[in-house]
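Let's take a look at the aromatic rings and the nonpolar cores of a protein chain. Here is the model to explore.

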Amino acid sequence: SPWGLLGLPSKDQEKIRLGNASALASLRIMRWCVSAGVPAIIENPLSSKLWYLPEMSSFLQKGCFFTKVHYCQYGQRWKKPTRFLCTPTIDPSFISRVCQ
């Protein structure tokens, strides 16, 4: 499940609880930005379970889109494949950069 695993030690359960609370807050803010026409981006590693949350499909239905970036294209020494969820007001040509 993208919301976490059952049966983990309490220390790990707390990390998952905090991560889920952060994800829900980000999604709530993103919903407001979409409805208000405010440019916004949610950023997370490409491999993140965040992208598998059922709520993501509702953003795509509202004109939001995913794009992939590699941080080496922004002057970093590491690639760090990352996905952005962008509101429809974002210009993808401005941020969509990947290594060859």
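## Rings and cores

Start with arginine 83, which sits over the face of phenylalanine 66, 5.1 Å from the ring centre. Keep in mind that this is a predicted model.

Searching the whole structure turns up 2 aromatic pairs. In one of them, tryptophan 51 and phenylalanine 66 have ring planes at 85 degrees; that is over 60, so the pair counts as edge-to-face. This pair ties together distant parts of the chain: tryptophan 51 is in the loop between β1 (41-45) and α2 (56-61), while phenylalanine 66 belongs to strand β2 (residues 65-70), 15 residues apart. Tyrosine 71 and tyrosine 74 also make an aromatic pair, and this one is tilted.

| Pair | Centre to centre | Angle between planes | Type |
|---|---|---|---|
| Tryptophan 51 and phenylalanine 66 | 5.5 Å | 85 degrees | edge-to-face |
| Tyrosine 71 and tyrosine 74 | 6.3 Å | 50 degrees | tilted |

Phenylalanine 66, at 29%, is partly exposed, and tyrosine 74 is partly exposed at 35%.

On to the cores. The largest nonpolar core holds 14 residues, and Ile42, Leu50, Met56, Phe59 and Leu85 have the most contacts inside it. Helices α1 (10-36) and α2 each provide at least two of its residues, with α1 giving the most, 5 residues. What does phenylalanine 59 touch, leaving aside neighbours within four places in sequence? Its contacts are Leu27, Met30, Arg31, Val34, Cys64 and Leu85. There's also a second, separate core of 7 residues, including Val69, Cys86, Ile90 and Ile95.

Notes: Residues are numbered from 1 along each chain as its sequence is written. This is a predicted model: local features need pLDDT of at least 70, side-chain atom pairs count only at pLDDT 80 or more; totals for chains, interfaces and linings use all residues. Side-chain values use heavy atoms; hydrogens and water are left out. Rings of Phe, Tyr and Trp (its six-membered ring) pair if their centres lie within 6.5 Å; planes under 30 degrees apart count as stacked, over 60 as edge-to-face and the rest as tilted. Helices (H or I, at least four residues) and strands (E, at least two) are DSSP runs, numbered from the N terminus. Buried means under 20% relative accessible area, exposed over 50%, partly exposed in between (1.4 Å probe, protein chains only). A charge sits over a ring if NZ of Lys or CZ of Arg is within 6 Å of the ring centre and within 35 degrees of the ring normal. A nonpolar core is a set of buried Ala, Val, Leu, Ile, Met, Phe, Trp, Tyr and Cys residues joined through side-chain atoms within 4.5 Å. Contact means heavy atoms within 4.5 Å.
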